[in-house]
Amino acid sequence: MGRRDPLAEPAPLIRRVYAYAAYRLGHGPDAEDVTSETFERALRYRDSYDPARGEPAAWLIGIARRVIDDPRRRRELPVDAPEGVAEGPEEGSADRLDLQAAVALLSTGDRELVALRYGADLSARQIARVLGMKTNAVEVALHRVRTRLREALDAPAAEPDDGKRARAV
Amino acid sequence: MRFRKDEDGFEGLLRDARPEPPAELVSEIARRLQASPVRRSPRLRLGLAAGLTSALLVVFASVGGVGYAAAAASKAATAVSHAAGSDSRKSDASHTAPAANSNTAAPSSSTLQQQNGNGHDPHDPGHHQYGHDRVTICHRGHTLVLPQRAAQAHLARHSRDTAGRC
C-alpha cells in the first residue's frame, strides 16, 4: 500500500545522473551543478513519482534533461574535453580520457544517446520512452553512434590540439 | 587501437569509462536526501481512509449491523407511509362526506364495538401503525391501544375497563 520512495538508495542514482550530465556537458562543475539541482527538484517532487511510469533512474534523468535544457541556466555551455586531455593522461586512465574526448566530439543528439545509454545506464526501451522514439530506432541509432566512436578512437591523432578539442556540432 | 572490435567489449568499455562524480558531491546529496523525511501523499491518505472505512463496514456487516440498520430504516419508512396513508384517508373522508357520514369522522365507542366486535378501531392511528393485533380499550377514562393479550389482561384485572374508546 505504501508508495515506493524513488530516492531510497541515492548513491547509485547520483552516479548515474552525474555520468549522464557529464557526458552531455563535460566532466566538472557544470555536471555537478546539474546533478545537485536534479536531486533538489527530485526532493521537491518526490511525492509525484509514479512507479508505474518508470524506474527512479528514468524519472531522475527526465528531471536532469529539463534542468540542462532550462533556459534560465542555459548559457552557452561548451562541451569541454575532459580535464587532463590537454596535459596528457594521468594515472593510467588513458582509455577513459580518450573515450570521453571522443564522446565530446559527437553531435548533440549522439551525445544524448551515449549519455542516456552509458552514462545513465538506461535500456533502449527506457531511452525510447524518454526521447519519444521507437525502441528499434534507438538501437539502430546507438549502433551508429558506437561505430562513429570507434572510428574517432581508431583515427590517428590529428585532432586540433590547442588545449580544447573541437566543439560538438 | 586499444578497443576491441566486438560489440559487447566496446559497450563494457563505454560503461567503464563513465565519468564519476566527486565523492563529496555524492555524500552531500545523499545526506540532504536522508535528512528530509518522506511525506505521505494526499492520495495515499485518502486511500488509507477508504481502506479503513471498508474494513469497518466488513466487520459491521459480519456481526449483523448492516442488516439491523437496514431493518430499522425499513421500519421507519413503513411507519411513515402508514401515518401518511391514515392522514390522507381521514382528509379524504372529511372532504367527501363531511356532514352525511358523521359516524365515520367521529365514531362512538358503541359504534366501534358494533363494527368490529372486539374493540378494534379501524380509524385509530394506532390501528394503522401497529396492525390488527392491537385493541383499543377504555382504562380509567383513558383510551389505550394495546396488544390483544395485554388488553385481555386489562379487562380481566380491571372490572371498570371497557373495550373501545372512552
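Mentor: In this predicted model, helix α1 (residues 10–25) of chain A packs on helix α2 (residues 29–44) of chain A at an angle of about 135°, and their axes are 8 Å apart. An angle over 145 degrees would count as roughly antiparallel; α1(A) and α2(A) are therefore oblique to each other. The crossing in which α1(A) passes α2(A) is right-handed. On the α1(A) side, the contact is made by A:I14, A:V17, A:Y18, A:A21, A:A22 and A:L25. From α2(A) come A:D30, A:A31, A:V34, A:T35, A:T38 and A:F39. By class, this contact has 9 nonpolar, 2 polar and 1 charged residues.

Elsewhere in chain A, helix α6 (residues 124–131) has A:A124, A:Q126 and A:I127 as its buried residues. Seen down the axis of α6(A), these fall within an arc of 160°, so they line one face of the helix. The cover over the buried residues of α6(A) includes α3 (56–69), α5 (108–119) and α7 (135–154) of chain A. Just after α6(A), A:G132 takes a positive phi of about 70°.

As for the contact between the chains, 29 residues come from chain A and 22 residues from chain B. On the side of chain B that touches chain A, the elements giving two or more residues are α1 (7–16) and α2 (23–35) of chain B. Of these, α2(B) gives the most, with 5 residues. That side of chain B has 15 nonpolar, 2 polar and 5 charged residues by class.

Terms used
Residues numbered from 1 in each chain as written. Chains lettered and ligands numbered in written order. Predicted model: local features only at pLDDT ≥ 70, side-chain atom pairs only at ≥ 80, totals over all residues. Contact = placed C-beta atoms within 7 Å. Helix = DSSP H or I, 4+ residues; strand = E, 2+ residues; numbered from the N terminus. Nonpolar A, V, L, I, M, F, W, Y, C, P; charged D, E, K, R; others polar. Buried ≥ 20, exposed ≤ 12 C-beta atoms within 10 Å, placed from the backbone. Arc of directions from axis to C-beta. Axes fitted to C-alpha atoms, helices over the stretch in contact; angles between N-to-C directions. Parallel < 35°, antiparallel > 145°, perpendicular 65-115°, else oblique. Left-handed = near helix turned anticlockwise from the far one by under 90°.
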